[in-house]
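Reader: I'd like to learn how to read a structure like this one. Can you walk me through it, feature by feature?

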Amino acid sequence: MKSITYFLTLLVFSGQVLHAQQKEPARKKYNVLFIAADDLNNDLGCYGNNFVKSPNIDRLAKRGVLFDKAYTQFPLCSPSRSSLLTGQRPDVTGIYELQTHFRKNLPDIVTLPQLFKNNDYYSARVGKIYHYGVPGQIGTDGLDDPISWDHKVNPKGRDKAEEGNVKNLTPNRPLGSALAYLATEGTDEEQTDGLSANEAIKILEEKKNEPFFLAVGFFRPHSPYVAPKKYFNMYDLDKVPLPKEIANDLDDIPEAALFTKPSHWGLKEAERREAQRAYYATISFMDAQVGKLLDALDRLKLSDNTIIVFWSDHGYNVGQHGQWMKQSLFENSARVPLIISVPGGNKGKVSGRTVELLDIYPTLADLCGLDPKQKLQGKSLMPLLKTPTAKWDKPAYTQVLRGKIMGRSVRTERYRYTEWDEGKAGVELYDHQKDPDEFYNLAKSVAQAKTVNELAMLLKKAFSAQP
């Protein structure tokens, strides 16, 4: 009798479990849309710049969490991307320039896209994710990492074909590191980034029913600043807001801190306005391509199950302290846009905590329940995605190589502290609460001696602790 009762109970329980399983099917894996911009600073509407038109990145910010104090680990393309994609700081990857592939130093590292590929995601790349020389290597693999992908696409548009038409305001500099621009004829779809958006949408359409990690790397606003004329027409040249400058600004700045010599490469104000307008035009052009991806996600009903990460490899100076482009440890060069949208998560929120591009790898692994099976040097941003104002004690670290001199910088929510050659070539301290433009170097201020000591210890501890 007991055995019959047990058998009937087991049948009932099994039926309940089966019914529960039928009612609550296992949640599908999150997809990841991983969008990279090249040389993009924080001159965006969602970051408070009301002059630059970036409606699509702004609407993405309304769908997720915007990190207001996010920083690159090295303000140069290959070192930054190698760090982000391996989850290791530049001193571990050993990448400080644009020629060496990270696998020479880390042959067995599992990259972020490789982690997804190894866990049965379809991993695809369109455009620039690992380093490419721009514009020279557009249309090639550049310093790609083939083991990271199931599929790759290297678009090449008319911007590459029409390089001879570009106006170079700094003719002694190569196009990829020049203040050079072209307002083109034709449509978005003829440009490399327009082709990239369309190729990415094809992949979304083909792979919408299986988990994917789709990385889309736009080349703009990297110089030369090339975009269809309509984007240049969005900006009145005479109204371009040049950054604030003060007399004797460079007097308290170490020589090693300066990348652009002489200031503005000797350009007059009118030429600087041309360059800045062109940079903003290419931001708006790139932003339009981001919009196409967001529209495709919505049309294909993928938005409810796709994590979106939007990032830039580093910031960009547009004349602050007479400096242009990257390769400096000033705020405009070190700070980056970072937006993360998680289905069902916070929308339209801002986190003011200091975070790093290095944190993206552990965050995506955490969100998707994947085990990297290796030590990552970043920290998952999950607590801040859940509560953007959550307690957080992690500073952000950025470094750059100036000839043979290494500069290292730590950013807390209030201060930036920088040492050149461990202080032997100069020290900088800026109080962002009182001096957001970093005009006043307080490193020698007696009143700030305690702060200098505390931040110097943070810097020493962070970089001496690395493997």
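Reader: Let's start with Arg158: does Arg158 count as buried, partly exposed or exposed, and what is the relative accessibility?

Author: First, a caution: this is a predicted model. Buried means under 20% relative accessible area and exposed means over 50%, with partly exposed in between. Arg158 comes out at 21%, so Arg158 counts as partly exposed.

Reader: Which side chain does Arg158 meet in a salt bridge?

Author: The general idea is that side chains of opposite charge can pair when their charged atoms come close. Here the partner of Arg158 is Glu190, at 3.4 Å from N to O. Arg158 belongs to helix H6 (residues 158-161) and Glu190 to the loop between S6 and helix H7 (192-206), so this bridge ties together parts 32 residues apart in sequence. Glu190 is partly exposed too, with a relative accessible area of 33%.

Reader: And Asp159, which residue does that one meet in a salt bridge?

Author: Asp159 meets Arg220, at 3.1 Å. Asp159 sits in helix H6, while Arg220 is in the loop between strand S7 (212-217) and strand S8 (225-228), 61 residues apart. Asp159 is buried at 5% relative accessibility, and Arg220 is buried at 2%.

Reader: Which residues do salt bridges with shared partners join into one network?

Author: That would be Asp38, Arg81, Lys128 and Asp313. Inside that group, the side chains of Arg81 and Asp38 meet at 3.3 Å, N to O. Arg81 is in helix H3 (residues 77-86) and Asp38 in the loop between S1 and helix H2 (55-61), so the pair ties together parts 43 residues apart. Arg81 is buried at 1%, and Asp38 is buried at 0%. Across the whole structure, a search turns up 36 salt bridges.

Reader: OK, on to the greasy parts. Which residues touch the most other members of the largest nonpolar core?

Author: As a rule, in soluble globular proteins, nonpolar side chains tend to be buried together. The largest core here has 58 residues, and Leu179, Leu214 and Phe310 touch the most other members. Helix H9 (residues 269-299) is the top contributor, giving 14 residues. Leaving out residues up to four places away in sequence, Phe310 touches several residues, including Ile35, Leu60, Met286 and Leu338. There is also a second, separate core of 47 residues, with Ala36, Val309, Ile340 and Leu370 among them.

Reader: How should I read aromatic pairs, and how many does the structure hold?

Author: Look at how far apart the ring centres are and at the angle between the planes; there are 19 aromatic pairs in this structure. Take Phe34 and Trp311: their ring centres are 5.4 Å apart and their planes are at 50°, so the pair is tilted. Phe34 is in strand S1 (residues 31-37) and Trp311 in strand S9 (residues 306-312), so the pair ties together parts 277 residues apart. Phe34 is buried at 0%, and Trp311 is buried at 0% as well.

Reader: Where does the charged end of Lys53 sit?

Author: Over the ring of Tyr235, 4.9 Å from its centre. Tyr235 also belongs to a cluster linked by ring pairs, together with Phe51, Tyr225, Tyr279, Tyr280 and Tyr316.

Definitions and conventions. Residues are numbered from 1 along each chain as its sequence is written. This is a predicted model: local features need pLDDT of at least 70, side-chain atom pairs count only at pLDDT 80 or more; totals for chains, interfaces and linings use all residues. Side-chain values use heavy atoms; hydrogens and water are left out. A nonpolar core is a set of buried Ala, Val, Leu, Ile, Met, Phe, Trp, Tyr and Cys residues joined through side-chain atoms within 4.5 Å. Buried means under 20% relative accessible area, exposed over 50%, partly exposed in between (1.4 Å probe, protein chains only). Helices (H or I, at least four residues) and strands (E, at least two) are DSSP runs, numbered from the N terminus. Contact means heavy atoms within 4.5 Å. Rings of Phe, Tyr and Trp (its six-membered ring) pair if their centres lie within 6.5 Å; planes under 30 degrees apart count as stacked, over 60 as edge-to-face and the rest as tilted. A charge sits over a ring if NZ of Lys or CZ of Arg is within 6 Å of the ring centre and within 35 degrees of the ring normal. A salt bridge is a side-chain nitrogen of Lys or Arg within 4 Å of a carboxyl oxygen of Asp or Glu.
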